[in-house]
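Work through the exercises below with the sequence and the model open beside you. Each task is followed by a solution that goes step by step.

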Amino acid sequence: MRELLVTLTVGVGAGWAALWLGVPAGGLVGSMVAVAALRLAGGPVRELSLHVRRGVQLAVGIILAVSATWHPEVARRVLLPALGLTAYLLAVSAVIAWGVASLTRWPWPVAFLSSAPAGLTEISMAADDMGLDAPSIASLHVARVITVIACVPWLVAWAAG
Amino acid sequence: MSAEQVLAAAFVVAAGVTGGLVGIRLRLPAGALLGGLLGALAALSLVPTQIPPVDPSVRRWLQIAVGVTLGSRVRPDTLPNVRRASRAAFLVVLAALVGAVGGAWLLRTLAGLEWGTALLAATPGGMPEMILIALALDRPVDLVTTVQLVRVVTTLLVTLPLVRLWLRRAEVEG
């Protein structure tokens with residue numbers, strides 16, 4: 001119970017502080033960085049269960065539906081560019097997989113799944129099913145996701161001038 | 001808020017929850033989010049009345065909730081794994097960021113998106129988080145969601161069968 005209270009207090013406090021400081025998407029970035037740092041420092045952090053994560057995702061989905069404007073023609077407009085983007089990201093990740101395999105001497109499937117441009121949860125679970133080194137794969141995905149989430153709001157704010 | 005609006009909002013939430021549960025059951029990527037989104041959108045298209053806008057503070061609380069759940073997943077054993085493979089981790093992170101900028105340029109050229117939206121759509125971060133950031137930064141969420149969804153689904157459809165095939169072939173040869 002104490003761990004949960006500390007986790008929520010630190011996350012909420014850091015999230016609001018980051019929002020108050022004007023950090024882009026500060027609620028997300030501030031709470032994520034603070035809770036992750038506390039956990040890595042050995043602090044009393046409770047990992048929130050899969051049910052809680054799904055509950056939060058569900059809330060995000062519903063809020064998205066009612067908050068955003070949805071134009072049906074968007075899918076048609078961006079489908080081909082999105083497939084082109086995915087092909088490009090997969091090509092980049094194949095090159096990176098070669099680099100990861102050379103640097104770590106991991107077998108190719110582990111290196112390939114570690115550098116795939118998606119699916120922290122899905123790829124880690126599938127790797128576990130296939131008997132591959134899921135913790136190493138998940139660790140690289142966590143490093144990617146955390147860094148990207150911490151950096152991209154700044155880049156977007158910068159791009160907007 | 002009128003009684004009719006309250007009923008409509010309750011209907012949208014119930015449809016969203018049902019959609020989310022179906023999404024989880026079907027094991028869709030980010031199934032709760034996608035199912036909830038599709039369920040709520042379907043309900044919205046059916047209700048005759050306008051739903052009142054969501055208070056901006058709700059979005060901020062959601063950002064914090066996603067941040068806490070994500071931060072709490074960084075396990076202490078992540079750091080030794082990343083440290084052990086630090087150069088590989090650096091390479092993966094660098095590729096994600098450089099890849100995102102290249103991808104944003106591609107989307108800008110092919111679909112005419114402006115830089116910020118293209119970057120959010122092209123970045124291989126977590127799909128729910130990128131969508132939530134788009135919402136927080138007042139970017140067109142429908143564009144970002146569509147591109148992110150195509151990326152995640154296509155990547156999973158390509159990478160997992162490829163690796164399975166490779167493992168099967170290695171087993172046969174070994």
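On a 1 Å grid over the protein atoms alone, a cavity is a set of points where a 1.4 Å probe fits but cannot get out, a pocket is an open set with protein on both sides within 12 Å along at least five of seven lines, and lining residues have an atom within 4 Å of a point. Grid points are joined across faces, edges and corners, and a volume is the space filled by probe spheres set on the points. This is a predicted model, in which local features need pLDDT of at least 70 and side-chain atom pairs count only at pLDDT 80 or more, while totals for chains, interfaces and linings use all residues; side-chain values use heavy atoms, with hydrogens and water left out. Residues are numbered from 1 along each chain as its sequence is written, and chains are lettered from A and ligands numbered from 1 in the order in which they are written.

**Exercise 1. Describe the largest cavity and its lining.**

Step 1: the structure holds one cavity of 30 Å³ or more, and the space in the largest cavity comes to about 100 Å³.

Step 2: its lining includes A:L89, A:R144, B:V92 and B:P124. With helices taken as DSSP runs (H or I, at least four residues) numbered from the N terminus, α4 (73–104) of chain A and α5 (86–111) of chain B each supply at least two lining residues, and α4(A) gives the most, with four.

Step 3: sort the lining by class, where Ala, Val, Leu, Ile, Met, Phe, Trp, Tyr, Cys and Pro count as nonpolar, Asp, Glu, Lys and Arg as charged, and the others, Gly among them, as polar. The lining then has nine nonpolar, two polar and one charged residues.

**Exercise 2. Characterise the largest pocket and the second largest pocket.**

Step 1: the largest pocket holds about 1,000 Å³ of space and is lined by 40 residues, of which A:T121, A:E122, B:L28, B:P29 and B:A30 lie nearest its centre. Elements that give two or more residues to this lining include α6 (120–129) of chain A and α2 (31–46) of chain B. By class, the lining of the largest pocket has 22 nonpolar, seven polar and 11 charged residues.

Step 2: the second largest pocket has a volume of about 480 Å³, and among the 22 residues that line it, A:L120, A:S124, A:A138, B:R73 and B:R75 are the closest to its centre. The largest share of this lining, seven residues, comes from α7(A).

**Exercise 3. Is B:R139 buried or exposed, and which residues does B:R139 touch?**

Step 1: B:R139 is found in the loop between α7 (127–136) and α8 (141–173) of chain B.

Step 2: buried means under 20% relative accessible area, exposed over 50%, and partly exposed in between (1.4 Å probe, protein chains only). B:R139 counts as buried because its relative accessibility is 16%.

Step 3: taking contact as heavy atoms within 4.5 Å, and not counting residues up to four places away in sequence, B:R139 touches residues including A:V156, A:A160 and B:E114.

**Exercise 4. What is the phi of B:D138, and what is the phi of A:R105?**

Step 1: B:D138 lies in the loop between α7 and α8 of chain B, and its phi is near 55 degrees, a positive value in a residue other than glycine. B:D138 counts as exposed, because its relative accessibility is 64%.

Step 2: A:R105 sits in the loop between α4 and α5 (108–114) of chain A, with phi near 60 degrees, again a positive value in a residue other than glycine. At 76% relative accessibility, A:R105 counts as exposed.
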